[in-house]
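Please look at the model below with this report beside you. The report begins with how the chains are arranged, and then turns to the contact between them and to some local details.

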2 protein chains.
Amino acid sequence: MTDLNLMRELSIQGETKIILVVLDGVGGLPMTPDGPTELEAAQTPHLDALAVRSICGMSTPVAPGISPGSGPGHLALFSYNPLQHEIGRGVLEALGIGFDLQSEDIAARGNFCTLDPETGLITDRRAGRIPTEVGARLCEKLRQISLPDVRTFVEPVKEYRFVLVLRGKGLHDGLTETDPQQVGKSPLPVEPIRPEAAHTAELLNQWIAEARKVLASEHPANGCNLRGIAKDPGLPKLPEIYKLRCGAIATYPMYRGVAQLAGMNILPTGDTIEEEAETLTQHWDEYDFFFFHVKKTDSRGEDGDFEAKVKVIEHFDAVLPDILALEPDVILVTGDHSTPAVWKAHSWHELPILLWSKYIRPDRVTQFGERPCMAGGLGHIHHVDLLPLAMAYAGRLIKFGA
Amino acid sequence: MTDLNLMRELSIQGETKIILVVLDGVGGLPMTPDGPTELEAAQTPHLDALAVRSICGMSTPVAPGISPGSGPGHLALFSYNPLQHEIGRGVLEALGIGFDLQSEDIAARGNFCTLDPETGLITDRRAGRIPTEVGARLCEKLRQISLPDVRTFVEPVKEYRFVLVLRGKGLHDGLTETDPQQVGKSPLPVEPIRPEAAHTAELLNQWIAEARKVLASEHPANGCNLRGIAKDPGLPKLPEIYKLRCGAIATYPMYRGVAQLAGMNILPTGDTIEEEAETLTQHWDEYDFFFFHVKKTDSRGEDGDFEAKVKVIEHFDAVLPDILALEPDVILVTGDHSTPAVWKAHSWHELPILLWSKYIRPDRVTQFGERPCMAGGLGHIHHVDLLPLAMAYAGRLIKFGA
């Protein structure tokens, strides 16, 4: 398990450059017992040629059997132990819509729900999945609510989901959720888990009471629940730990958000992998470490669309020569978790991993795929160890002990 | 290392079924450097066919170099860290004879010994390994001893070994043993390691003093020592952690006992592997998880009888189709530890492991044996992680984090 204090002690500045390519959810499964996985089915001449010159292996994102969400999966890639550092759902949701969350803000995920007008009991936890436009209109109404000495932000997400952010002095997390997780019950009050969070709990309960009044005339969304009420986890920042100037290239806000929590600079980019590669090229001289995120491998896996996921991988492969042309000192290619098309969701399976630097011991892997990587020279490792490995291969970690 | 609290948080109920087959002590060694291990020598067409469709690997039961007893080996298989959860020897011994141990009972392993009648010093720690019948008769005599407010049970085990159980209110463990581990010394008094165990220590010392009187006229067993004085370790129960209805099928009491400590229901069965498979079939609808224990691989290994151990493995292989006919969602085949015939005892060697589910990535292993499994796609894993993996493959763990 990576010791961040040790990394802080051993890491040094340098001229070398590291690229971490995250093909989100790239790990797959065969659709039939004898078939290939998505990555194995994809025609990837550039990845395969790189694999020949690289050392490969398999990596567990969090722990055996654990299917990580995007938060824990990326924390592990950034060398934070995801079992120790948790990103609250409210924070992830705020980051996911590109909200400019500040370190003392309290963020909650809100869910519109339907309450029985007489008894106040929940009859539908998702308010009949109201259309996104309706959610947006209701958020507009909720912005009328004001709290003493605190600014509030209400931002629509999708359908019945929204984000509530409180900004002000003396706000604390360590708060329970209001969603009783079943219909036929009343929303629960927010309660402080830690004594210093008592005032924040009061404010949130006051906000919820006001929201009930504001929404009273609405149907079906006449109430709401707050979940995952949390602050920025205050991670130690990668630039401080590793003496790296870190740039993040990602097309989706949530990944930019997690990168920001880790202390990376966010590089504005377009929607395509080509545009991401252009961004990389443009900023090449300014940073030492690049997080390069490809989203759609995961999206197509969640859709259960094997062929479409294959196409995304092939798309990345076609762009890879532009990335390699920059001549990084270290390049790592892997994913944050598996999303096999046959499973249609994040899964617990290990990720294939490819590591190239001038200083690797080449193994016998000649194709970047799950089965070839099972026999790779890196063996079976863990995501939290990848960044320290990359640092070493980049000549940026001094000797430990005399 | 498996985090049982995390497992409790992520596990969900489901319709899927898991079978954990434990071929006790199955791991072996070649008798000559070029020879096969017991498992490799065995003709196992069904295991091999299953290996083709499975993902295989090697697993360390407790830690590198550690030869586990049956207790720690099974605790690890049931996902308890055996270095944190210890089952006292007295408890294991009581379970081993099928004693109905209750959660507040104090159990000790007793050893008859020979004392010099004049000095009271031990002259033989095993009382000349008296025959089992003599041990039984002496236990009968020891049952006369009564203690204030506490029931006592004295049960013969084998030769010079017996079990003493105290049942009553306010009994505590945390007690030293009386065996000085060498001849020429007196038995030591039982001493409390924790203050609350002082009264229990007094009771046991009183019982020992009475036992000296009762045995005074006997030879060579005119004294006794108490070892491994302990209570049920109070493990968190598997059905609660994993939301599994757990059934245990084992022909020997000790394994039924350990399964019971883990919260499994014990399914009465016969002496043969066929009868165990029938029990499995009969109870198939009632449970989600089955622990299926095959004892004799270990017994024949301890005998040093390579060929007989091979035969037990082949015997299991012949029954395997009946087990597979039930169509489990996940089946795991491994052992609790190795017992190579050439070593004639439990050993520290890794166990070959085979995991089948619809959602595995098949590797290139085509035979279930130690050498093929070394190149398996699971790599080198740990027993404590097997149950979390099985849970994931059974679709019974939700995503961790958002």
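In this predicted model, chain B can be laid on chain A with an RMSD of 0.2 Å, by a turn of 121 degrees together with a shift of 0.1 Å along the axis. The two copies are thus related as by a three-fold rotation axis.

**The contact between chain B and chain A**

How many residues does each chain bring to the contact? Chain A gives 31 residues to it and chain B gives 25 residues. Between them, chain B and chain A bury about 2,300 Å², and 68% of this area is on carbon and sulfur atoms. On the side of chain B, the residues B:Arg361, B:Phe400 and B:Ala402 supply 38% of the area that chain B buries against chain A, which is more than any other three residues supply.

As for pairs of residues across this interface, the rule finds zero salt bridges between chain B and chain A, while the count of residue pairs in polar contact is nine, with both residues at pLDDT 80 or more. Helix 1 (4-10) and helix 14 (386-393) of chain B each supply at least two residues of the side of chain B that touches chain A, and the largest share of that side, four residues, comes from helix 14 of chain B. When the residues of the side of chain B that touches chain A are divided by kind, 15 are nonpolar, five are polar and five are charged.

**The build of chain A**

Chain A contains 14 helices and 13 strands. Its radius of gyration is 23 Å, close to the 21 Å that the globule rule gives for 402 residues, so chain A is as compact as a globular protein of that length. The C-alpha trace of chain A spans about 70 × 50 × 35 Å along its principal axes.

**Local details of the backbone**

| Peptide bond | Form | Omega |
|---|---|---|
| A:His219 to A:Pro220 | cis | near 5 degrees |
| B:His219 to B:Pro220 | cis | near 5 degrees |

Another backbone detail concerns A:Lys243, which has a positive phi of about 55 degrees although it is not a glycine; A:Lys243 has its place in the loop between helix 8 (238-242) and strand 8 (246-249) of chain A.

**Salt bridges**

Side chains of opposite charge can pair when their charged atoms come close. Over all chains, a search of the whole structure finds 38 salt bridges. A:Asp288 forms a salt bridge with A:Arg245, and the closest N and O atoms of the pair are 3.0 Å apart. Because A:Asp288 lies in the loop between helix 10 (273-282) and strand 10 (289-294) of chain A, and A:Arg245 in the loop between helix 8 and strand 8 of chain A, the pair ties together parts that are 43 residues apart in sequence.

Definitions and conventions. Residues are numbered from 1 along each chain as its sequence is written. Chains are lettered from A and ligands numbered from 1 in the order in which they are written. Side-chain values use heavy atoms; hydrogens and water are left out. Copies are superposed by least squares on the C-alpha atoms of residues with pLDDT of at least 70 in both. Contact means heavy atoms within 4.5 Å. Buried area is the accessible area (1.4 Å probe) that two parts lose on being put together, summed over both. A salt bridge is a side-chain nitrogen of Lys or Arg within 4 Å of a carboxyl oxygen of Asp or Glu. A polar contact is a pair of N or O atoms within 3.5 Å; within protein, one must be able to donate a hydrogen and the other to accept it, and residues adjacent in sequence count only if both atoms are side-chain atoms. Ala, Val, Leu, Ile, Met, Phe, Trp, Tyr, Cys and Pro count as nonpolar, Asp, Glu, Lys and Arg as charged, and the others, Gly among them, as polar. The radius of gyration is taken over C-alpha atoms; the globule rule is 2.2 Å times the number of residues to the power 0.38.
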